[in-house]
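Hello,

Here is the structure I said I would pass on. My notes on it follow below.

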Amino acid sequence: MLPYQFLILLLCFSIFTQKGFCEQKTVEGFTSEPRTILSLHDDSKNSPYWFDKPHKLAEMPLNHIGLLLRNHNLSQPLPSLSQMKDVRGVLLWMSTDRIADPNRLLRWAIDIIAAGKKLVVMGTPPFDINLKGETTPGYLMDRFWGRLGLKPLSEWVRFTHKVQLIDKNPRVMDFERTFSGVLPSYKKMVATDPRVKVHLTARQFNKPETDTVLVATGPNGGYVAESFALYTTPEGDFIQWYINPFNFFAKAFATDKLAKLDATTMSNRRIYFSHIDGDGWRNLTQIDEYSKDKKLSSEVILKEILEKYPDLPVTVAPIAGDFDERLGQNPSIKKIAKKAFALKHVEIGSHTYSHPLFWQFFEEYSEDKEQQYLWLYPQLKENDFFQQLKSLLDMGRTKKKPQMDTGAWKQALNRIASNENERIKGNNDQEVIMEYRTPRAYYFGPYSLAQEIAESVKEIEKLAPEGKKVKLFQWSGDTLPYEDAILAVEEAGMKNINGGDSRFDRQFPSISWVAPLGRRVGSAWQTYSSNSNENTYTELWSSNFFGFKHLVKTVHNTGTPLRLKPFNVYYHMYSGEKTSSLNALRFNLDYARSLPLTPIAASHFASVVEGAIGADLQRDEKGRWRIVDRGALNTVRFDQALFTRVDFNKSEGVLGQKHHQGSLYIALDKDHEAPIIALTDHPNSGVLPSGRPYMVESSWMVGSLSFPTPHSLKFNSHGYGSGEFVWKTPWKGQFEASLIDDVGDVIDHHVGNIGKNGVLKFSFGSKGLPGGRVEIKNLETD
């Protein structure tokens with residue numbers, strides 16, 4: 001090797017070792033595909049971005065079409081093009097109508113569009129005047145809108161009773177609601193580029209010369225006029241989309257052919273996971289069978305749920321403070337934990353030590369700041385955790401309160417919908433705290449982040465079997481932890497979850513209530529739960545205790561016609577307090593058993609999400625895709641792909657494929673470092689032919705696939721419950737499938753007939769097995 005070649009290789013290694021894709025880019029010709037959408041946020045009002053429309057309303061649809069949202073505060077310098085290599089486009093959907101320097105923003109926007117970045121404007125951008133009331137130069141406005149193929153006119157149409165809507169594209173408009181009654185006022189806008197596709201036009205007095213573009217997409221982005229994206233009630237408590245955000249953003253950001261890293265699916269089945277927050281561990285149950293012996297709610301959950309559903313994994317996360325002897329000694333409290341942690345399908349989590357209710361209060365903590373609340377804390381010997389929390393709520397006020405253990409998600413959406421200028425202010429502790437009467441549930445002395453995380457883990461692991469560790473940290477209270485708290489969890493080697501509170505049902509009939517994958521807090525990442533817990537179904541655990549059974553509506557609506565979320569059963573220990581709440585929980589778990597799912601641990605799901613946001617998606621000139629640094633993410637989806645299949649001869653690390661809802665789901669080998677996917681056209685959908693066997697679906701995770709002979713295959717597999725497998729092969733006749741443990745013993749065995757078109761189906765273990773190596777042989781090799 002020549003000296004200069006060695007230096008180049010050394011430089012490449014030093015710069016890209018962490019990502020691991022420098023050499024592959026050079027040798028194989030793959031380049032990273034930008035999939036980040038930059039959202040601009042006016043942070044001058046001290047309102048965090050996660051309370052604004054891009055995060056609350058746009059990010060989930062963007063996640064579904066394969067994109068990630070990254071916030072940029074306008075108080076910071078706008079990023080240069082060299083800092084935007086991973087940026088596909090920019091979303092301007094702002095809550096303010098003016099900013100300090102619109103000229104700077106316009107020039108930057110013009111430059112990035114010229115460089116090939118897409119830009120979407122939703123609503124009225126803050127361009128016209130600055131904070132001093134100075135008008136923006138017209139030539140800048142014309143250049144900007146011209147880049148989008150549009151031209152704004154000076155006239156506003158304020159009286160719309162003679163306006164009709166035409167050119168309505170049904171794939172983009174009338175998604176959850178159609179326009180009715182008096183239309184909103186609008187500013188006149190015309191298209192100047194013939195490549196712009198208009199999806200909705202307003203016409204006055206039936207005169208074509210009055211036509212105004214209300215919704216449009218083009219080669220450089222898209223536009224939605226103010227008030228034509230969403231319907232909201234005057235009170236702001238009801239939201240529905242006029243536009244189809246999935247199709248609109250897909251057109252505006254050109255994602256139809258993009259590979260989507262999908263966090264809803266594993267082994268070509270929908271993911272199932274479950275986690276329990278420890279609230280109510282000490283509560284006395286009211287269920288007759290147990291109440292006569294003064295049993296705890298947590299024991300009911302242990303006996304009726306954990307021990308009776310061993311096929312459904314669940315993470316149990318106590319509040320470590322519940323084991324603190326200063327709360328009073330009760331031997332059964334720790335005994336219940338030990339029994340639960342000993343179960344093989346139970347993963348251990350932590351739900352903090354003192355259960356912070358408002359995390360922002362503790363970001364810059366001082367003992368003096370909390371002194372005024374000490375007298376309000378419950379006595380440490382109080383046994384009913386829920387009653388303690390309830391006493392902390394200021395129930396006398398008429399203002400809506402955040403739910404316990406929720407992210408104030410719906411309250412924030414209400415504020416957004418009604419365009420309130422108020423926001424929950426992270427730097428105004430007094431305003432935040434007045435939502436509750438105290439900043440946390442328990443007081444064991446001055447707040448310590450080390451106590452909430454490291455010490456809570458230490459105390460919980462004392463009750464665990466040897467070698468079994470806490471894997472997941474489940475946020476408490478408002479579920480809005482500050483950056484250092486999330487980083488401390490990461491440094492402790494745990495994943496984190498909670499927040500989001502997704503609902504999509506009769507009470508919340510819109511995808512507006514379905515949360516994105518999570519949120520970025522500085523350099524830290526918080527994964528959201530996929531579904532809401534029983535709190536939001538029971539009016540803060542005050543009525544309708546059967547309400548959690550309506551979770552199945554959200555599960556159904558987020559599974560069809562698009563698979564938006566996994567099936568997540570998220571609840572608290574106090575669900576074991578009442579017969580109706582216990583029955584609701586059973587109802588949800590029985591429903592899960594009836595569906596074709598791939599159950600995984602909650603920490604595994606958090607790892608899948610982190611893989612989806614952190615992976616490097618690459619593409620080469622031949623149209624092949626390569627996924628690097630994907631962590632636990634093992635599914636790639638292609639939309640509008642009914643007549644597309646995997647070309648296995650040109651792919652690597654691909655287990656199988658399955659068409660579902662018009663998309664092609666592709667399962668990746670969990671043990672392959674950097675899978676490559678090549679696609680080809682095919683005249684039919686359904687179970688596709690292939691020259692080699694491939695997996696259609698499985699309830700277990702699969703890896704290390706190999707083909708010892710043309711008539712056999714083997715792979716490693718493990719999971720929960722019975723292992724169900726469907727494979728497509730070019731074989732005929734009979735097959736034999738064996739499950740082999742680590743020492744080479746066959747622990748389960750199946751012989752069956754290969755079905756029509758080479759499809760073979762089999763399962764292992766009615767009560768679940770530990771997994772192992774699976775070997776499949778075609779018994780007819782002629």
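Valine 163 has glutamine 204 of strand β9 as its bridge partner. That pair belongs to the contact between β7 and β9, two antiparallel strands joined by four bridges. Please keep in mind throughout that this is a predicted model.

On β9 there is also the pairing with strand β10, residues 212-218, which is antiparallel and has five bridges. Strand β9 covers residues 197-204, and six of its eight residues are buried, so the rest of the structure largely encloses it.

These strands are part of an open sheet of eight, in the order β3-β2-β4-β5-β11-β10-β9-β7, with mixed pairing. The edges are β3 (68-73) and β7 (163-166); each has a single partner strand, so one side of each has no neighbour in the sheet. On average, neighbouring strands are turned by 20 degrees against each other, direction ignored. A parallel pairing in the sheet is the one between β2 (residues 36-41) and β4 (residues 87-92), with four bridges. Within it, isoleucine 37 has glycine 89 in β4 as its bridge partner.

Next, the charged side chains. Side chains of opposite charge can pair when their charged atoms come close. The whole structure contains 30 salt bridges. These are the ones I looked at:

- Arginine 203 pairs with aspartate 211, with 2.7 Å between the closest N and O atoms. Buried means under 20% relative accessible area, so arginine 203, at 18%, counts as buried. Aspartate 211 has 23% and therefore counts as partly exposed.
- Arginine 503 and aspartate 505 form a salt bridge at 2.6 Å, N to O. Both arginine 503 and aspartate 505 are buried.
- Glutamate 775 and arginine 773 form a salt bridge at 3.0 Å, N to O. Arginine 773 has a relative accessible area of 30% and is partly exposed.
- Lys260, Asp262, Arg637 and Asp639 are linked in a salt-bridge network.

Now the nonpolar interior. In soluble globular proteins, nonpolar side chains tend to be buried together. Here the largest nonpolar core has 117 residues, and the members that touch the most others are Trp108, Leu119, Met122, Phe144 and Phe249. What is phenylalanine 249 in contact with, leaving aside its neighbours within four places in sequence? The list is Ala58, Pro61, Leu62, Ile65, Leu91, Val120, Met122 and Ala254. Another core, of 69 residues, lies apart from the largest one; Ile301, Ile333, Phe362 and Tyr447 are among its members.

Finally, some totals for the protein chain. There are 18 helices and 40 strands. Of the 782 residues, 58% are buried. The chain exposes about 32100 Å², and carbon and sulfur atoms supply 50% of that area. Among contacts between residues at least 6 apart in sequence, 76% join residues at least 24 apart.

Regards

Key
Residues are numbered from 1 along each chain as its sequence is written. This is a predicted model: local features need pLDDT of at least 70, side-chain atom pairs count only at pLDDT 80 or more; totals for chains, interfaces and linings use all residues. Side-chain values use heavy atoms; hydrogens and water are left out. Two strands pair if DSSP finds at least two bridges between them. Axes are lines fitted to C-alpha atoms, for helices over the stretch in contact, and angles run from 0 to 180 degrees between N-to-C directions. A salt bridge is a side-chain nitrogen of Lys or Arg within 4 Å of a carboxyl oxygen of Asp or Glu. Buried means under 20% relative accessible area, exposed over 50%, partly exposed in between (1.4 Å probe, protein chains only). A nonpolar core is a set of buried Ala, Val, Leu, Ile, Met, Phe, Trp, Tyr and Cys residues joined through side-chain atoms within 4.5 Å. Contact means heavy atoms within 4.5 Å. Accessible areas come from the Shrake-Rupley method with a 1.4 Å probe; for residues, only the protein chains shown count as cover.
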